[in-house]
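Here is a short tour of the spaces, annotated repeats and surface of this protein. Have the sequence and the 3D view open as you read.

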Amino acid sequence: LVFWNVYGECENFAVLSGHTGAVLDLKFSTDGGHLFSASTDKTLSIWDTEVGARIKKLKGHSSYINSCCPARRGPQLICSASDDCTVKVWDSRKRGALHSFQDTYQVTAVTFNDTAEQIISGGIDNVIKVWDMRKTGVLYKMVGHSDTITGLALSPDGSYILSNSMDNTLRIWDIRPFAPQERCVKIIQGHQHNFEKNLLKCSWSPDGSKITAGSADRFVYIWDTASRRILYKLPGHNGSVNEVNFHPKEPIVMSCSSDKQIYLGEIEGS
């Protein structure tokens with residue numbers, strides 16, 4: 001794991017090592033004090049960003065961990081999705097998994113809802129499942145994608161889920177308790193997946209007005225959430241763009257690609 005400064009020369013100021021396989025997902029805690037990583041070495045790691053050291057290694061999955069996500073509030077829970085067909089929930093203060101949800105197929109993306117009472121997962125069966133933490137089972141399913149779900153992101157207000165899929169669409173789903181049965185409220189197109197079948201992620205801007213997603217055609221796409229219009233199609237990468245994310249406070253986007261480059265780009269503030 002490599003840390004970079006956003007300003008000035010963007011120099012690398014720290015390297016954290018410990019995983020013995022590729023790191024497939026990285027997430028900061030809400031306060032920025034911890035970093036969570038998921039790896040092909042079948043472990044999750046928790047890192048202290050102040051000290052720059054790993055403080056916990058979580059074992060329990062029997063195959064690659066494709067995705068992880070910390071809870072936004074409450075106890076420091078982390079959920080993870082794996083090729084072993086399970087979604088697991090971990091408490092950073094304890095050793096083993098708190099819960100393990102058994103799916104039928106490999107799970108490629110996962111996130112908590114706003115209150116961390118539900119877990120939303122997606123996998124190679126093209127279905128988004130919402131799991132109830134208390135009942136430890138599937139609460140409901142959201143069907144619509146026709147290929148593997150590669151990324152999931154919770155909206156800033158906690159009302160919607162953004163999903164990225166190998167069917168070359170992004171979808172926005174209403175996950176509020178009393179939403180209509182047809183929960184898909186928007187379908188967004190423009191980006192591409194290809195034969196590489198990378199797990200391309202997706203994300204929201206801090207105010208929820210824009211969304212972005214990885215794309216195999218080497219462009220960074222940013223859409224207006226309300227109109228679904230492409231606001232930016234940014235060139236520069238020489239390989240699949242695997243993830244794009246917004247700066248939490250400033251109009252800056254960061255993209256990483258299979259070309260081993262990380263780019264910072266400035267967009268107009270909202």
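About 230 Å³ of space lies in the second largest pocket. Of the 16 residues lining this pocket, Asn113, Thr115, Gln118, Ile175 and Pro177 are the closest to its centre. By class, its lining has seven charged, five polar and four nonpolar residues.

A pocket here is an open set of points on a 1 Å grid over the protein atoms alone, with protein on both sides within 12 Å along at least five of seven lines; a cavity is a set where a 1.4 Å probe fits but cannot get out, and lining residues have an atom within 4 Å of a point. Volume is the space filled by probe spheres set on the points, which are joined across faces, edges and corners.

## How to read the model

This is a predicted model, in which local features need pLDDT of at least 70 and side-chain atom pairs count only at pLDDT 80 or more, while totals for chains, interfaces and linings use all residues. Residues are numbered from 1 along each chain as its sequence is written, and side-chain values use heavy atoms, leaving out hydrogens and water.

The structure holds one cavity of 30 Å³ or more, and the largest cavity has a volume of about 30 Å³. Look for His193, Asn194, Glu196, Lys197, Asn198, Leu200, Ala216 and Ser240 around it. Four of these lining residues are polar, two are charged and two are nonpolar.

In residues 58-100, the end C-alpha atoms lie 13 Å apart, and the span is 56% strand and 0% helix. For residues 142-176, the end C-alpha atoms lie 13 Å apart, with 54% strand and 0% helix. Strands are DSSP runs (E, at least two residues), as are helices (H or I, at least four).

Notes. Ala, Val, Leu, Ile, Met, Phe, Trp, Tyr, Cys and Pro count as nonpolar, Asp, Glu, Lys and Arg as charged, and the others, Gly among them, as polar.
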